[in-house]
Amino acid sequence: MKYRAVKGTRDLLPPECERFAAAEALAREVFAAHGYGEIRTPILESTELFARSVGETTDIVHKEMYTFPDRKGRSLTLRPENTAGIVRALIEAGVQNLPKPIRVWCAGPQFRYEQPQAGRYREFRQIDVELVGVADPAGDAEILEMLFEFLARLGFQGLRARVNCVPAGKAREAFSAALREYLAPRSGDLGADDVRRVEENPLRLFDSKNPALQEALKNAPRTLDFLDERARRHHQGLLSLLARAGVDFDEDPSLVRGLDYYTLTVFEVTSSALGAQDALLGGGRYDDLFAQLGGPPLPAVGFAIGEDRLLAAAPEDPRRRRAVFVVVPDSGSDVDYALSVARDIRASDPAAVVETDFTAKGVGRGLGRAAQVLEGSSPYPFRAASVHAVLLGLREREGETVTIKNLKTGEQSTFPRRELAERLGGARETRQ
Ligand code: HAM
């Protein structure tokens, strides 16, 4: 084959793509019920935006970005995540004049130059949520509760959030110094990347995949011991709100997350239904980012779900079930009649999938197609609640009737076409 999808990218064909769209539709429904509106920001941003926000010393900026000069020599980057772009967009829109809090969400592709493996792609999709203008832990709790409602609606059970609070400002400096001191006698366990991390940003050591270092970090100074009074109160406040909201969580003092903008709360959810790449989602608070990017100081908190992983792990198919009608003209001369019957069925049951078999190679072939849909033996975009073959030959055309066979029950009946609305409308009510 001459042309193939670029390494680490993949095509989403109809059955899979419909599952993605259904998960996004559910996200829209759950998030809208909490006041979150959709935002869409460009896939291309200036490279500096990510260096300033995600952080120069993170793996993402250091070695995973798709960065290139445009025709005028400006350095652009395919977004590796959505938070920085959203913050930039809000600052540009005059965030100081917008009513607070600002609640936004989006779904879209992200790009990271990582080694592809199961669940890890170079182009992947995220569902991202951001809440801007709430400093209180009630904001962190709101997005976590909403997140868990979304996951429950997708059929997930037993998921737990790992939650930590990372020191910011002076407390972070003290924590970094303590980490350096702790690791000084263990320098033999450090790889080249780790040595760079110790010098540039010791918090990033927790991202290291080096097993010797991971072992050494088990007894390292703990983030929670370095929190100032305000951070401690924030963290305790969040934990008690989560307990009251029924969100299951564990404190994880080694969780720092691989992006530099986090202050205070960080969290992740992993799923045992995934392989080695088991992080389903991650998020946290980023109270300094607006100011860092040239905007007014504004507290904010958010998360992003890896949508590819979400669908790989989802226990239930998010697509709603729909009645499927395969309209089958017996011969070429029945096609016209078939098209107008198909129109009538769509008008009678707007949620139905009504497709016409254009082969006009007889009823047998049309029935075969309907049977494939019923059995799921060939890829089909939709999830069938019931499958009907609508058989239209000379007899039906001349008598203005339709013959409908329910493939599941085998029941078949012929009735006047004008009764379609009544009969299908009735069928729809019993399905609901
Ligand atoms: P992140 O942890 O870098 O956070 O990414 C969030 C999720 O995206 C991960 O948990 C994972 O499910 C998915 N993901 C990341 N890389 C890949 C990949 N190469 N292939 C497939 N899935 C992947 C963020 O991006 C932050 N912007 C989250 C956030 C929003 N924090 C505050 N607001």
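This is a predicted model: local features need pLDDT of at least 70, side-chain atom pairs count only at pLDDT 80 or more; totals for chains, interfaces and linings use all residues.
The largest cavity contains about 40 Å³ of space. What lines it? The residues are Val166, Arg172, Leu203, Arg204, Val256, Leu259, Asp260 and Tyr262. Sorted by class, the lining of this cavity comes out as five nonpolar and three charged residues, with no polar ones.

Tyr262 turns up again around the ligand, where it is listed among the closest residues.

## Around the ligand

How many residues surround the ligand? There are 27, and the closest are Glu81, Glu114, Arg257, Tyr262 and Ala279. Going by class, this shell has eleven nonpolar, eight polar and eight charged residues. As for secondary structure, β6 (123–132), β10 (279–285) and β11 (300–306) each give the shell at least two residues. The largest share belongs to β10, with six residues.

Glu81 puts a polar side-chain atom 2.6 Å from a nitrogen atom of the ligand. Tyr121 works through its backbone instead: one of its polar backbone atoms sits 2.8 Å from a ligand nitrogen. An oxygen atom of the ligand, for its part, is 3.1 Å from a backbone N or O atom of Leu280.

Where does Arg257 lie? It is in the loop between β8 (249–251) and β9 (264–270).

The other detail is a cis peptide bond, which joins Lys100 and Pro101 with omega at about -5°. Pro101 is placed in a loop as well, this one between α4 (83–92) and β5 (102–111).

## Domains and the pocket between them

Why does the second largest pocket lie between the domains? Because domain 1 and domain 2 both give residues to its lining. This pocket holds about 320 Å³ of space and is lined by 15 residues. Nearest its centre are Ala22, Asp317, Pro318, Arg319 and Arg320. Which element supplies the largest share of the lining? That is helix α1 (residues 14–32), with five residues.

By class, the lining of the second largest pocket has seven nonpolar and eight charged residues, and no polar ones. The lining of the largest cavity has no polar residues either, whereas the shell around the ligand has eight of them.

Terms used:
Residues are numbered from 1 along each chain as its sequence is written. Side-chain values use heavy atoms; hydrogens and water are left out. On a 1 Å grid over the protein atoms alone, a cavity is a set of points where a 1.4 Å probe fits but cannot get out, and a pocket is an open set with protein on both sides within 12 Å along at least five of seven lines; lining residues have an atom within 4 Å of a point. Grid points are joined across faces, edges and corners, and a volume is the space filled by probe spheres set on the points. Helices (H or I, at least four residues) and strands (E, at least two) are DSSP runs, numbered from the N terminus. Ala, Val, Leu, Ile, Met, Phe, Trp, Tyr, Cys and Pro count as nonpolar, Asp, Glu, Lys and Arg as charged, and the others, Gly among them, as polar. Domain bounds come from an automatic or database domain assignment. A residue is near a molecule or strand if one of its heavy atoms lies within 4 Å of it. A polar contact is a pair of N or O atoms within 3.5 Å; within protein, one must be able to donate a hydrogen and the other to accept it, and residues adjacent in sequence count only if both atoms are side-chain atoms.
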